Amino acid sequence: MGAASVILIAGAVWASVSSAPEPAADTEIASAETDGDVQAATASPDAPSPAPAAPPVAPLDSVAALEDAPSAKATTATDVTSAVTQPRPAGNFDFDQVINKAQALSEHEFQESPSVPAAAGDLNYDQYRRIEFKRDSAQWADDTTAPFRVHYDPRGYLFDEDVKISLIDNGVASPRPYDPKEFAFFDLPLSPEDQAAVGFSGFHVTTPLNSAGKFDDLISFKGASFFRALSAGTVYGASARGLAIATASPNGEEFPAFREFWLVKPAPGADSMTVYALLNGPSVTGAYRFVIAPGASTLIDVEAVLFPRRQLDEVGVAPLTSMYYFSPHSLNRGNRDYREAVHDSEGLMIELRNGEWVWRPLANPNQLEISSFATEPPLGFGLIQRKRGFSDYDDLEASYERRPNVWVAPKGDWGPGRLTLVEIPTANEYNDNIVVSWRPTQPWEAGKPVRLAYQMTWSLPAPAVPPVARVSATRVGISPASKRPMFIIDFESDNLDLLKDVVPQISASAGTIISPIVRPNPQTGGLRLSFELETRDGSLCELRALLVRGNHPVTETWLYRWRAS
């Protein structure tokens, strides 16, 4: 990776810039299939109240009795070991048992997953999609009172991790074995022996999400530590991961995987489902608890305890991934695509601890770009799809206007670090090229457990509503008269008084702002800010703009990275 520079913006938002040549194949994050069936992790890249805040993410000296006394500490490694190996009564499965297993696993060398049968691994995407899990085999389908059902996914194609699954009923965990008879393989080139050895790659949960009595997809766990969720009215788009390690590193990214799951059978009429997961990778193990509550906004409470096998310097906490190809604010729209925009997410929204709200339009750069924002954990951050009209995308198949927003609200003190955005060049809409995560400043030490927690919101409407006017559109082009770069920013608010008597506040890290104008936009009822940029010889400029009244912000802070190319 090339040289990096750091820019302080308004004392609150940091932007660090790092560039590199176009990444090799192992930099791509994941395959983002437009039909929502496949989320591949390849190295090429009415809802319940929130749970109580978790303890800080600082390393713990003990993981004993995390639920009852999370601040308790032991002083030696021996204390840690004895604390987490206490015998527990049978029929009382809980999160501590997953934590115990993760710690014990961390004390041994990493073992690769058993190989998928070669014939299954050789299947192409279209062949793999033909394998069907029989609906009448869905977990709990025979229980008419069950509010959730589970459908299992086979290994094959890019999905080679062998995933073990257990079911928890009345506190008792029982293995859920793989049975090839539950799948239809049709005439695919898989022998009976291959079919018997395929195994599980993951699962997806269904529930009556959009209408009573009709079970729709709610969440899918499949591929490394990837998972994707839906709320009412949405289709699969952005995704999340349990943990990111060395994203965009020149040494290559590591993809730890969820190797084992425990699914708790919900009680009749339950409005949430609990899933436990065991993470395993060359550098780290971890125990995860997901409490998933579907609705108009689907809420997922996430708690994790992680055990590094080695010192971890490039950890990404609560990583979100998405696809951004182009839109009207793109600098490099050289394609001849008939569509106005193609993206799963349009921008990064941040609620900072100082009260500032930030909107950063996403980019598909010509080279790898890394940006950082804030040095304190934000109150919330997420990848957002603001434009919700069909005409904004004009795509009958992809339905980009229905892709969900994903919002992360940290619990407890995550400690110092930086919110980091990685943007990777992509030549199409089939690969995720956007990653945002919290990167702690302090390395995670080998053998020292780390606990963290956060709540995720997956939604069609805005997951968080700023008290200021929002950025509703960004457009970038060239002024016909001056031939300078020109920027158009629309601000909107339901409170029209908010946008009275305002003035623009614009800054640039390089170059000069020319002809800033604020005028009413009769089409939206909001205001439009326009300006030009005199760049001289600068090849890179970090732009910042907002509207203020008496130096008090009345809009989101708009951030944009401009490059001469």
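Which loop is A246 found in? Keep that one in mind while you get the whole chain on screen.

**Before you click**

You're looking at a predicted model, where local features need pLDDT of at least 70, side-chain atom pairs count only at pLDDT 80 or more, and totals for chains, interfaces and linings use all residues. Residues are numbered from 1 along each chain as its sequence is written, and side-chain values use heavy atoms, with hydrogens and water left out.

**Whole chain**

Show the cartoon: the chain has five helices and 38 strands. (Helices are DSSP runs of H or I with at least four residues, strands are runs of E with at least two, and both are numbered from the N terminus.) Of the 565 residues, 56% are buried, where buried means under 20% relative accessible area, exposed over 50%, and partly exposed in between, with a 1.4 Å probe and protein chains only.

**Stop 1: two alanines**

Select A246, in the loop between β14 (244-245) and β15 (257-264). A246 is not a glycine, yet its phi is positive, about 60°. Most residues other than glycine have a negative phi. A246 is also buried, at 8% relative accessible area.

Now jump to A374, in the loop between β24 (368-373) and β25 (380-384). Here too phi is positive, about 75°, in a residue that is not a glycine. A374 is buried, with a relative accessible area of 4%.

**Stop 2: D153**

Next, pick D153 in strand β6 (residues 149-154). Is D153 buried or exposed? It counts as buried, at 10% relative accessibility.

Show its surroundings: leaving aside neighbours within four places in sequence, D153 is in contact with F183, G199, F200, S201, G202, F203, H204 and K222. (Contact means heavy atoms within 4.5 Å.) Draw a line between the side chains of D153 and H204 and you'll find a polar contact of 3.5 Å. A polar contact is a pair of N or O atoms within 3.5 Å; within protein, one must be able to donate a hydrogen and the other to accept it, and residues adjacent in sequence count only if both atoms are side-chain atoms.

**Stop 3: a cavity**

Select E161, V163, S201, G202, F221, K222, G223, A224, F226, A257, F258 and F261, which line the second largest cavity. On a 1 Å grid over the protein atoms alone, a cavity is a set of points where a 1.4 Å probe fits but cannot get out; a pocket is an open set with protein on both sides within 12 Å along at least five of seven lines; lining residues have an atom within 4 Å of a point. This cavity's volume is about 60 Å³, counted as the space filled by probe spheres set on grid points joined across faces, edges and corners. β15 gives the most to the lining, with three residues.

**Stop 4**

Finish at the second largest pocket, with a volume of about 640 Å³. Of its 36 lining residues, R386, K387, R470, S472 and E492 lie nearest the centre. β31 (470-478) and β32 (485-492) are the elements that give two or more residues to this lining, and β31 supplies the largest share, five residues.
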